[in-house]
Amino acid sequence: MSEASILVSPFQYTNSGIHSDSFYASLIDSSTHKSQPRQIHARLLVLGLQFSGFLITKLIQASSSFGDITFARQVFDDLPRPQIFPWNAIIRGYSRNNYFQDALLMYSKMQLACVSPDSFTFPHLLKACGGLSHLQMGRFVHAQVFRLGFEADVFVQNGLIALYAKCRRLGCARTVFEGLPLPERTIVSWTAIVSAYAQNGEPVEALEIFSQMRKMDVKPDWVALVSVLNAFTCLQDLEQGRSIHASVVKMGLETEPDLLISLNTMYAKCGQVATAKILFDKMKSPNLILWNAMISGYAKNGYAREAIDMFHEMINKDVRPDTISITSAISACAQVGSLEQARWMDEYVSRSDYRDDVFISSALIDMFAKCGSVECARSVFDRTLDRDVVVWSAMIVGYGLHGQAREAISLYRAMERDGVHPNDVTFLGLLMACNHSGMVREGWWFFNRMADHKINPQQQHYACVIDLLGRAGHLDQAYEVIKCMPVQPGVTVWGALLSACKKHRHVELGEYAAQQLFSIDPSNTGHYVQLSNLYAAARLWDRVVEVRVRMKEKGLNKDVGCSWVEVRGRLEGFRVGDKSHPRYEEIERQVEWIESRLKEGGFVANKDASLHDLNDEEAEETLCSHSERIAIAYGLISTPQGTTLRITKNLRACVNCHAATKLISKLVGREIVVRDTNRFHQFKDGVCSCGDYW
């Protein structure tokens, strides 16, 4: 059927004698296509009705509803002396179609024409002010509302609440709301004030007002529920969020798109990514917000591979990503640790509109550093033209992760020469770099320099300094720093001290640090393992047994060591003593070959750090089955000679495996890059980049 055949032509009524305003008004109201108001206007011109304020108002409203704001303005301008109704219609049309500046301009022209606004003018005018976050203009309109006597009109007051919320003036929004008598507070009023607090980072206040609303027996609509869900999402209150989900289903609103988006975001941010995915799959055409919620939800909850797959799927479905999508995908690549995937991500960004985005450039630098290539990170840094403190700090942190203190300090000096002031992240990177290189004097100097920039050290800064001092043997000084901290020492601080005590076998201070850790974080297995390792290093085997008994009583098990090696862009994972791999027999033969070569090379296993008091033969067998040893073996049989092996480990590298990997790199003529939970180790020709200081 052609377009013309579905349109009602006014010309067919020419001979019927029907020319009344009411007839053409009904015809305009029944328009179902953008071209119909234009056709009707042409007929009005023939009949001489083009100056009818009533009909022109109808035409403006109809054209605006179809988004044809240009035609709406044209018919408005043809009116010689428009009264209030056409003015309201054109202001509403601009505001409804988000032409906020034009709406305010028309209001100015309306005042110059000496046409006084009414209660229908102000809601759309206030929406325009809010859309532009134009507080000054909004206050001017508010003054007019008061001067013209509309301060009791609930629709105008709702508009004022929304305006002040958009302009982040919650006190003003609350004052307007409180000024409404209780009987006149509609669901729109309540929703406006709840949304005001929810959207401005005040979730607790939003929920308190929502509770008051429920006590007044006001039934929430879907808009209110969206705001409440956003508040529970901010608080990560999964239980209450689920209760709202139940209410949504009970009210039959589960197909409302905005509610689905809010529910999806709530579950994703609360770590329930499987539930979020179920809701996501219900959407026929998920919008960008939903894609972002899923990708960031996966990335933030340890499902990095799923986040990357989701990003690829999004691109394949021609959904254009924004900075949130891209930074979430970059973060996921950093977690996975695949350099090949990182390079793909960098190439994608370079072809996109975000190649010069400073925030994304910073994320790429961080990604490459965490994927083991500080050289690629520096390449991104060098090509970034507009370097702010975030970009400089990202590169300094990258050097810190790799223990390249000289490079980090040199870059800091260049940053100072560029006139860029450091922030807390800058100093964290410098402290990490000094810590991983054993540069105590330099690290202490940078720590004290923070005060010169009016930066207060946080827990991470203190943890770096404690680790720096402690590992260098200055345990008493490290403890003094802890005692002088202006904030309560956290897990990272006491953990750094316990680790240092284990290294230097200072049992008494180590036990004190462990007790502090147990009181703060009693369910963390790692603290018990650290204490047990301290006792093992001091050969206090009876106390090792006591720790293991306590762990068993609490139902705590030592984390299983896992390592991943990247082969042709894929990560293959291995656990301690893993025998499940299809190529297990080949891997086992390679492990045996490595061990025999190590013995020939004079390698002697370090058995002091074992959790058990094992005999020498048992200890040696246990250490040989560590996951990184298996990952190295698989990498050697799966890649060509000379290929760099890139390994990621979920635990800190042990003394034995670190020493063994140094020798392996020399024996097989390979560079081996290992990323543990603490830092990167680059093994080459029998030497590690950490200088055996980690």
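I take a nonpolar core to be a set of buried Ala, Val, Leu, Ile, Met, Phe, Trp, Tyr and Cys residues joined through side-chain atoms within 4.5 Å. I note at the outset that the model is predicted.

**Cores.** I looked up the largest nonpolar core and found 197 residues in it, with M345, M367 and L497 having the most contacts inside. For L497 I listed the residues it touches, leaving out those up to four places away in sequence: I466, L475, A478, Y479, I482, L509 and A513. I then noted a second, separate core of 26 residues, which includes I594, F603, A631 and I632.

**Aromatic pairs.** My search of the whole structure returned 19 aromatic pairs. I recorded F280 and W291 as edge-to-face, at 4.9 Å centre to centre and 75° between the planes. F280 belongs to helix α17 and W291 to helix α18, 11 residues apart. I found both F280 and W291 buried.

I next examined F381 and W392, whose ring centres are 5.1 Å apart with the planes at 75°, so this pair is also edge-to-face. F381 lies in helix α23 and W392 in helix α24. I noted F381 as buried at 1% relative accessibility and W392 as buried at 3%. R387 lies over the face of F381, 4.3 Å from the ring centre; its charged end also sits over the ring of W392, 5.7 Å from the centre.

**Cysteines.** I found 0 disulfides. The sulfur of C376 is too far for a bond, because the closest cysteine sulfur, in C371, is 9.5 Å away. C690 is in no disulfide either, with the sulfur of C688 at 3.4 Å; I recorded C690 as buried, at 4% relative accessible area.

Definitions and conventions:
Residues are numbered from 1 along each chain as its sequence is written. This is a predicted model: local features need pLDDT of at least 70, side-chain atom pairs count only at pLDDT 80 or more; totals for chains, interfaces and linings use all residues. Side-chain values use heavy atoms; hydrogens and water are left out. A disulfide is a pair of cysteine sulfur atoms within 2.5 Å. Buried means under 20% relative accessible area, exposed over 50%, partly exposed in between (1.4 Å probe, protein chains only). Contact means heavy atoms within 4.5 Å. Rings of Phe, Tyr and Trp (its six-membered ring) pair if their centres lie within 6.5 Å; planes under 30 degrees apart count as stacked, over 60 as edge-to-face and the rest as tilted. Helices (H or I, at least four residues) and strands (E, at least two) are DSSP runs, numbered from the N terminus. A charge sits over a ring if NZ of Lys or CZ of Arg is within 6 Å of the ring centre and within 35 degrees of the ring normal.
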